[in-house]
Each structure stands twice: as structure tokens, then as C-alpha cells.
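Biologist: I have just opened this one and would like a careful walk through it. Could you take me along step by step?

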Amino acid sequence: MPSLPGSGLAKGLAVTLRTMTRKTVTEQYPDTQPELPPRSRGVIGLFEENCTVCMLCARECPDWCIYIDSHKETTPPAAPGGRERSRNVLDRFAIDFSLCMYCGICIEVCPFDALFWSPEFEYAETDIHELTHERDKLRAWMWTVPEPPALDPAAEEPKELAAARRTADKLAAQLAQEQHQLAQEQQQAEPEQQEQQDEKGGRAP
């Protein structure tokens, strides 16, 4: 059966009328900032104090967009008669975000928690060379890294925290025992001191 003339126009107008009565869901970016999930992947921040230049992140990166330079320094022995030790000193840590595919492998393999996800995503540049962020800029992104979510109250205590608590409890018990022994020695010494004072008082003319 052939369609009536103007039926397509009527269907289009019906769709338009239905849409006009609905609430607008379009966010007017950049006037309205989007509400991002807490674990969104925006840019990578570097906490260089934790970096030991182990090179794991650069080796595991599938895009080879992490550049690290370092040198070795010799530190004097901690105690007399000890030996000198060498340590790696970070000279350069850069990430080329024009190559990065935001897989997060570098953050996962870092054994010392030196890399973190930041939800910031507004770092577009007119020059592609500016997308290579050196360590100073990566450190600045650390200020935008959100705090980690709270642990589940029913979850088990982390092994590191449990070990640290056991060590602290052991040190506290040793300190309390030493203080108790010191108090007992003082109590035992007080009668002797009193006797000595009494003897000196009896000898006085």
C-alpha cells in the first residue's frame, strides 16, 4: 500500500515534538565540566622520590613512550669500616603522551608506587612536541591525583600494616619493661639512700 503524501514529514515532526518535551542531557563543555569516575585515566603523575630507576615501566611500555636517564653515585659507608654503596640518581623522566595509549601497564608494574593516574585530561597542545611531559610537569600532575578509596571495613588488614603494628607493639613492650625495671631499681635504691642519710645525720656533732 503506498504511503500517504506527507506521512514522512509528519513522523519527523512527531519525533521533534517528543524530543522538545524531554530534558536536555547535553553538557555544554567547557562551561560545564564533566563528572568523571574516580578511577578515570587522564594523565600520569610522577612521585619521583619513590622512583629507583629500575626501568621496569620503560621496558614494559608497549609504545616505548617513557624516556629515563640516570647516573650512579657512590655513597660513603654508614658505619666505620663499612663499604661504599652505589645508587641510581634520576636525571630525566619523560612521557610522550602523543604516543601513550593509556594502557596503565607502567603504573601496574611499578614496584615502588612512583606513578599514579590523575583524572586531569585538559592538556591539549598546538605543538605535538609539547605533549612530551618532563619530570617537573609530571610531578605537578601529582597534586591532582585523588586520594585512594577507603578500605572495606570487613577486609583483612594489609600484611605491611600488620607487620609494622607487631614491630611497634614489640618496641612498646620493651620500652615498658625497661621503664618498669628502672622504677624497681629506684625503689630499691631509695631505702639504701635513706639509711646512708640517717647514718650521716647520726654522726654529725
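Modeller: Let me begin with a term: contact means heavy atoms within 4.5 Å. Ser-40 touches Trp-117, Ser-118 and Pro-119, leaving aside residues up to four places away in sequence. This is a predicted model, in which local features need pLDDT of at least 70 and side-chain atom pairs count only at pLDDT 80 or more, while totals for chains, interfaces and linings use all residues. Residues are numbered from 1 along each chain as its sequence is written, and side-chain values use heavy atoms, with hydrogens and water left out.

Biologist: Where is Ser-40 found, and is Ser-40 buried or exposed?

Modeller: Ser-40 sits in the loop between helix H1 (7-20) and strand E1 (43-46), where helices (H or I, at least four residues) and strands (E, at least two) are DSSP runs numbered from the N terminus. With a relative accessible area of 16%, Ser-40 is buried; buried means under 20% relative accessible area, exposed over 50%, and partly exposed in between, using a 1.4 Å probe and protein chains only.

Biologist: Which backbone oxygen lies 3.1 Å from a polar atom of the Ser-40 side chain?

Modeller: That is the backbone oxygen of Pro-37.

Biologist: New topic: how many salt bridges does the structure hold?

Modeller: The structure holds 5 salt bridges, each being a side-chain nitrogen of Lys or Arg within 4 Å of a carboxyl oxygen of Asp or Glu. One of them joins Arg-139 to Glu-49, with the closest N and O atoms 2.8 Å apart. This pair links distant parts of the chain, since Arg-139 is in helix H4 (residues 135-141) and Glu-49 is in the loop between E1 and helix H2 (56-60), 90 residues apart.

Biologist: And are those two buried or exposed?

Modeller: Arg-139 is partly exposed at 26% relative accessible area, whereas Glu-49 is exposed at 51%.

Biologist: What does Arg-92 pair with?

Modeller: Arg-92 meets Glu-134 in a salt bridge, at 3.0 Å from N to O. Here too the pair links distant parts of the chain, with Arg-92 in strand E3 (residues 85-96) and Glu-134 in the loop between strand E5 (132-133) and H4, 42 residues apart. Arg-92 is partly exposed, with a relative accessible area of 28%, and Glu-134 is partly exposed as well, at 34%.

Biologist: Why can such side chains pair at all?

Modeller: Side chains of opposite charge can pair when their charged atoms come close.

Technical notes
A polar contact is a pair of N or O atoms within 3.5 Å; within protein, one must be able to donate a hydrogen and the other to accept it, and residues adjacent in sequence count only if both atoms are side-chain atoms.
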